[in-house]
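Dear colleague,

Please find below the structure I am handing over to you, with its sequence. My notes on what was found follow directly after it.

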Amino acid sequence: MARIIDAPLTASEGSCDPRAVHGTWGALDAAQRRGLAYTPEVAAETAPLYERVKHVIPAVEWPAYAPLISAINKMKRAKNAVILAHNYMTSEIFHCVGDFRGDSLQLAREAAETDAAIIVQAGVHFMAETSKVLAPEKTVLIPDLRAGCSLAASITGADVRLIKQRYPGVPVVTYVNTSADVKAESDVCCTSSNAAAVVEWAAREWKTDRVILLPDEYLAKNVAAQTGIHIIAWHGRCEVHERFTAEDIAELREAHPGVIVLAHPECPPEVMAAADFAGSTAALQDYVVEKQPRKVVLLTECSMSDNVAQYAPNVDFVRPCNLCPHMKRITLEGIYDALAEMKHEVTIPEDVRVRAKLAIQRMLDLPKEKPRAFATGRPPVAVELV
Ligand code: SF4
């Protein structure tokens with residue numbers, strides 16, 4: 001089961017450690033090329049940060065990361081910048097330079113509320129667009145323009161216009177993992193934390209028993225099972241989560257008796273049926289921190305386990321690895337360069353931004369609730385695929 005999904009990042013064949021993909025010594029080289037050194041001052045200043053990541057970064061490797069971390073944190077203060085770090089970032093980014101950390105929904109709320117002048121998105125491109133949509137007066141930077149997403153790439157605004165022609169009057173709920181163009185054609189957005197709640201809300205508001213939920217086929221099927229609402233779906237897939245199978249879970253249970261299996265709702269319905277608990281990354285983290293299972297496996301992007309382990313030091317994490325190659329485009333050196341050179345700025349045509357904001361804002365205006373768990377152990381439910 002351990003594997004690297006599409007590894008255009010080169011290096012470290014067979015390794016599931018994203019630091020190995022980029023190379024710890026590559027980070028050291030990156031720091032040196034930028035004139036940054038591991039001085040006694042840097043060591044002292046970053047020592048508290050190392051405490052947060054010592055479970056995943058050996059002490060001998062810390063001098064490779066600390067100079068970049070120190071320099072990034074200084075630049076943030078000097079430029080009034082914040083870094084929004086998604087749960088799938090590697091730990092040296094997530095815990096050491098991230099100012100706000102969480103899932104897409106949590107980061108979207110932070111983007112809307114921050115007083116900072118500059119937002120650096122430590123996540124993928126659609127997340128940076130969401131920040132720009134919500135905070136147009138701020139400069140939003142993405143450290144690597146190639147940080148895309150298979151779900152976002154699966155659908156365009158033109159596709160949504162055609163779907164709306166085919167199903168007039170049916171509300172369009174769009175997962176945030178889409179471009180601003182797609183959001184602009186939608187009625188309301190959702191994340192995996194609130195997808196079921198938003199679909200139920202849309203059905204009530206539009207007084208209908210049918211809802212279009214785009215673009216993730218598996219999320220749509222899982223929401224259909226959760227809500228009983230007739231879902232019209234698209235054939236997008238997350239290239240990370242689609243690879244988990246029910247057989248993987250059977251193998252994990254055999255190899256690790258008593259392991260608790262947690263799954264993300266972008267996984268296929270068969271995986272959700274075989275898991276013990278399912279929910280967004282925020283829900284998975286809450287589960288681990290609150291329940292403190294003895295041994296757990298998170299069926300999601302593999303940096304997530306490293307990051308949650310900081311909050312649950314007594315939990316034993318089994319770590320089958322599925323890296324998101326897009327998320328792993330974001331590195332400390334990329335963040336450093338983004339802030340130093342003010343690149344790459346995310347822009348959105350104003351008419352698109354305004355329409356996309358309506359869809360996102362509708363979601364943000366819904367009553368705040370704890371990330372909803374998805375039921376597990378249920379048979380899959382069919383959806384109508386466009
Ligand atoms: S993990 Fe999946 S949904 Fe998330 S950015 Fe990567 S490809 Fe997209």
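Does Trp-201 count as buried or exposed? The model is a predicted one, and in it Trp-201 counts as buried, because its relative accessibility is 15% and the cut-off for that class is under 20%. Trp-206, with a relative accessible area of 28%, is partly exposed.

A search of the whole structure finds three aromatic pairs. Trp-201 and Trp-206 form one of them; the pair is edge-to-face, at 6.0 Å centre to centre and with 75° between the planes. In another, the ring centres of Phe-277 and Tyr-287 are 4.5 Å apart and the planes stand at 35°, so this pair is tilted. It links distant parts of the chain, since Phe-277 belongs to strand β10 (residues 277-278) and Tyr-287 to helix α14 (residues 281-291), 10 residues apart. Phe-277 is buried, at a relative accessible area of 16%, and Tyr-287 is buried as well, at 15%.

I turn next to the sheet. It is open and consists of four strands with parallel pairing, in the order β2-β1-β3-β4. The edges are taken by β2 (100-102) and β4 (139-141); each has a single partner strand, so one side of each lacks a neighbour in the sheet. On average, neighbouring strands are turned by 20° against each other, direction ignored.

Strand β3 (residues 118-122) is joined to β4 by three bridges, and the two run parallel. Within β4, Leu-141 stands opposite Val-120. Helix α16 (residues 332-341) lies across β1 (81-86), β3 and β4, and runs at about 160° to β3.

With kind regards

Definitions and conventions
Residues numbered from 1 in each chain as written. Predicted model: local features only at pLDDT ≥ 70, side-chain atom pairs only at ≥ 80, totals over all residues. Heavy atoms only, no water. Pairing = 2+ DSSP bridges. Axes fitted to C-alpha atoms, helices over the stretch in contact; angles between N-to-C directions. Contact = heavy atoms within 4.5 Å. Phe/Tyr/Trp six-rings, centres within 6.5 Å; stacked < 30°, edge-to-face > 60°. Buried < 20%, exposed > 50% of the residue type's maximum accessible area, 1.4 Å probe, protein only.
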